[in-house]
Amino acid sequence: MVEILDKILLSQNAANEFYKSYNGEFKACLIAVMPEIEDCNGLVQDNPWHIYNCLDHILHAVDEMAKLTKECPTKVRRMLAYVMLLHDVGKPQCKSRRFSKLYGKDVDSFFAHNKASVRIARRALPILGFDAKSIQIMLTLIENHDVFMTVSLKEYAKPHHKILDRAYMDGLIDALAKESGIDGVTAMQYLLWVGKADNLAQNPDMTAKPLQMLEAMEQMLAGR
């Protein structure tokens, strides 16, 4: 099962390849390791930020990560592909319905889904063949994949958001180094790819400013 899943996640079109294989023995084996995958299949995300159901979003995010990391070593590409597979897998158990003053209507929300996804990943990753060092890195990235939702460029500042500046970047890099056990700059680059892949698999009408901010963060990182 792991060999098939590796091939799918590192392919040029993970979404299509996944659904072509999602039956029979492969499906049974995958669900035995991650039953939450089936919960994501068909889970509607009625929220302006999303155009796909949960599993489709996950798989499109895997596709975007494959593009971003095409020049990276296979070990890194595999690790980050599985981060995207797992980053939202906790959403089904966190779904709630609430009225949004911002959008003026009821929307689906998934508060603390990153922590739920971490719990699932911690259980699944050893079975999927990852070593302890890689798992620590991956859990850090999954835990922090939504950190960009609470930071803004100065010109797009929002109430209660942090403003992107050098001090914020340095603090985040230091925190990632402690949590991941690797060089903070490397961990930050991985997290930026996670943020980009996640946003590129969302509603393009909503993601222009977040992607602009991620580009600014990448430029700041390159200038260290």
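1. Asp6 and Arg78 are both buried, where buried means under 20% relative accessible area, exposed over 50%, and partly exposed in between (1.4 Å probe, protein chains only). Their side chains meet in a salt bridge, 2.9 Å from N to O. A salt bridge here is a side-chain nitrogen of Lys or Arg within 4 Å of a carboxyl oxygen of Asp or Glu. Asp6 sits in helix α1 (residues 2-9) and Arg78 in helix α6, so the pair ties together parts 72 residues apart in sequence. Helices (H or I, at least four residues) and strands (E, at least two) are DSSP runs, numbered from the N terminus.

2. On the basis of these values: this is a predicted model, in which local features need pLDDT of at least 70 and side-chain atom pairs count only at pLDDT 80 or more, while totals for chains, interfaces and linings use all residues. Residues are numbered from 1 along each chain as its sequence is written, and side-chain values use heavy atoms, with hydrogens and water left out.

3. On the overall fold: the protein has 11 helices and four strands. Its radius of gyration, taken over C-alpha atoms, is 17 Å, close to the 17 Å that the globule rule gives for 224 residues, so the protein is as compact as a globular protein of that length. The rule is 2.2 Å times the number of residues to the power 0.38. The C-alpha trace spans about 50 × 45 × 30 Å along its principal axes. Of the 224 residues, 51% count as buried.

4. On the core: the largest nonpolar core holds 71 residues, and Met188 and Met217 have the most contacts inside it. Helix α6 (residues 74-86) gives the largest share of this core, nine residues. Such a core is a set of buried Ala, Val, Leu, Ile, Met, Phe, Trp, Tyr and Cys residues joined through side-chain atoms within 4.5 Å. Beyond its neighbours within four places in sequence, Met188 is in contact (heavy atoms within 4.5 Å) with Phe148, Met169, Leu172, Ile173, Leu176, Met217 and Leu221.

5. Pairing requires at least two DSSP bridges between the strands. Arg98 has Val107 as its bridge partner in β2. Four residues separate the two strands of the hairpin, and Gly104 in the turn has a positive phi of about 70°.

6. On the other salt bridges: a search of the whole structure finds 11. Lys95 forms one with Asp108, the closest N and O atoms being 3.4 Å apart. Lys95 lies in the loop between α6 and β1 and Asp108 in strand β2, so this pair ties together parts 13 residues apart in sequence. Lys95 is partly exposed at 37% relative accessibility, whereas Asp108 is buried at 4%. Lys196 and Glu218 also meet, at 2.4 Å from N to O. This pair links helix α10 (residues 184-200) and helix α11 (residues 208-222), 22 residues apart. Both Lys196 and Glu218 are buried. Salt bridges with shared partners join Asp46, Lys95, Arg97 and Asp108 into one network.

7. On the cysteines: the structure has zero disulfides, a disulfide being a pair of cysteine sulfur atoms within 2.5 Å. For Cys29, the nearest cysteine sulfur is that of Cys40, 19 Å away. Cys29 is partly exposed, at 30% relative accessibility. The sulfur of Cys94 is 10 Å from the closest cysteine sulfur, in Cys54, too far for a bond. Cys94 is buried, with a relative accessible area of 15%.
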